[in-house]
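Welcome to this guided tour. Please open the structure in your viewer and keep the selection tool at hand.

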Amino acid sequence: MTRTARELLETTTGKLAPDPHANRLVPLVARGAAGRDTLTALALEQRWVIAADRRSFQYLAERAADAPETAAYFTALAEGEALAGERLEAFAAACGVTEERAVGHDPLPGCQAYPAYVAWLALNGSPAEVVLALHANFSAWGGYCETIAAALRRHYGFSDEACAFFDFFAEPSPLLEHQATAAVREALDAGRLSERLVRRYGRLLQSYEAMFWHTLWEREQGQPGQVD
């Protein structure tokens, strides 16, 4: 029996769900055990990630010009990254990040592998398959953000404004869910969706996502004095 777009989204998200024990950093933040210097590193790395992903999503929207539902999904993602970037500044400021410090920060390769792969997908990936792979990845990311937002308030005394970046991603978006479903339905109707590519893209996205968190966790364990 042919699966619907909604069923495909749900099964793909389930199959690509990360190992719940793979992320060692978020549990540290949840307990208030992560150092503030690690939160600063998180803010600095996310400044690079958000800016890069926004441009990648914009380019994917342009590439999907012949598929309006898919283009609309990527446009919405790009607009969301722009909003998230604005909210990120309050978190960075609460971590003590000045513009001078941000400009002088040398990004960590393990943290920037994820946006580098998203950029690869923007250039080389099939937009229809990228929709499904990203949707699955966002599910895990949203859960991490929800946990971090709660911990920042409970253990670190951060204000609502400083937590708004994580609140933004933690809150479900019915509109984005609808757009993802429409994009997948459009691809299915056109007969141009490869589940093999979806699994490949999704597996790599999840691996690079795990690398992002593991890099910060390793940095926490090393207990360096300052973020550059």
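How many aromatic pairs does the count come to? There are 14 aromatic pairs, and the model you are looking at is a predicted one.

**Stop 1**

Select Y117 and W120 to begin. Their ring centres are 5.7 Å apart and their planes meet at 10°, so this pair counts as stacked. Both residues sit in helix α6, which covers residues 109-124. They are three residues apart, about one turn of the helix.

Now colour the two residues by accessibility. Y117 is buried, because its relative accessibility is 8%. W120 is partly exposed, with a relative accessible area of 40%.

**Stop 2: from helix α6 across to helix α10**

Y117 and Y208 make a tilted aromatic pair, with 5.4 Å from centre to centre and 45° between the planes. Y117 belongs to helix α6 and Y208 to helix α10, so this pair ties together parts that are 91 residues apart in sequence. Y208 has a relative accessibility of 23%, so Y208 counts as partly exposed.

**Stop 3: a cluster of rings**

Clear the view and pick a longer list. Which residues do ring pairs link into a cluster? Select F91, W141, Y144, Y156, F158, F165, F166, F168, F169, F212 and W213: these residues form the cluster.

A94 and F158 are 64 residues apart in sequence, and their C-alpha atoms are 7.3 Å apart in space. A94 is found in helix α4. With a relative accessible area of 37%, A94 is partly exposed.

**Stop 4**

Next come the charged side chains. How many salt bridges does the count come to? The count is eight salt bridges.

Select R47 and E89 to see one of them. The closest N and O atoms of E89 and R47 are 3.2 Å apart in this salt bridge. E89 lies in helix α4 (residues 68-94) and R47 in helix α3, so the pair ties together parts that are 42 residues apart in sequence. E89 counts as partly exposed, because its relative accessibility is 36%. R47 is also partly exposed, at a relative accessible area of 23%.

The side chains of R47 and E99 meet in a salt bridge, at 3.3 Å from N to O. This pair links distant parts of the chain, with R47 in helix α3 and E99 in helix α5, 52 residues apart. Is E99 buried or exposed? E99 counts as exposed, because its relative accessibility is 51%.

**Stop 5: a salt-bridge network**

Move on to D37 and R101. These residues form a salt bridge whose closest N and O atoms are 4.0 Å apart. D37 is buried, with a relative accessible area of 18%.

D37, R101 and R219 are linked in a network of salt bridges.

**Stop 6: a positive patch on the surface**

Finish with a surface view. Which residues gather in a patch of positive charge? Select K15, R196, R199, R200 and R203 to see the patch on the surface. Helix α10 (residues 195-222) gives the most to the patch, with four residues.

R196 lies in helix α10, and at 47% relative accessibility R196 counts as partly exposed.

Then turn to K15, which has its place in helix α1 (residues 5-15). K15 is exposed, with a relative accessible area of 60%. How far apart are K15 and R199 in sequence and in space? They are 184 residues apart in sequence and 8.5 Å apart in space, C-alpha to C-alpha.

Methods
Residues are numbered from 1 along each chain as its sequence is written. This is a predicted model: local features need pLDDT of at least 70, side-chain atom pairs count only at pLDDT 80 or more; totals for chains, interfaces and linings use all residues. Side-chain values use heavy atoms; hydrogens and water are left out. Patches are made of residues with over 30% relative accessible area and no salt bridge: like charges are joined within 9 Å, nonpolar side chains (Val, Leu, Ile, Met, Phe, Trp, Tyr) within 5 Å. Accessible areas come from the Shrake-Rupley method with a 1.4 Å probe; for residues, only the protein chains shown count as cover. Lys and Arg count as positive and Asp and Glu as negative; His and the chain ends are not counted. The place of a charge is taken as NZ of Lys, CZ of Arg, CG of Asp or CD of Glu. Helices (H or I, at least four residues) and strands (E, at least two) are DSSP runs, numbered from the N terminus. Buried means under 20% relative accessible area, exposed over 50%, partly exposed in between (1.4 Å probe, protein chains only). Rings of Phe, Tyr and Trp (its six-membered ring) pair if their centres lie within 6.5 Å; planes under 30 degrees apart count as stacked, over 60 as edge-to-face and the rest as tilted.
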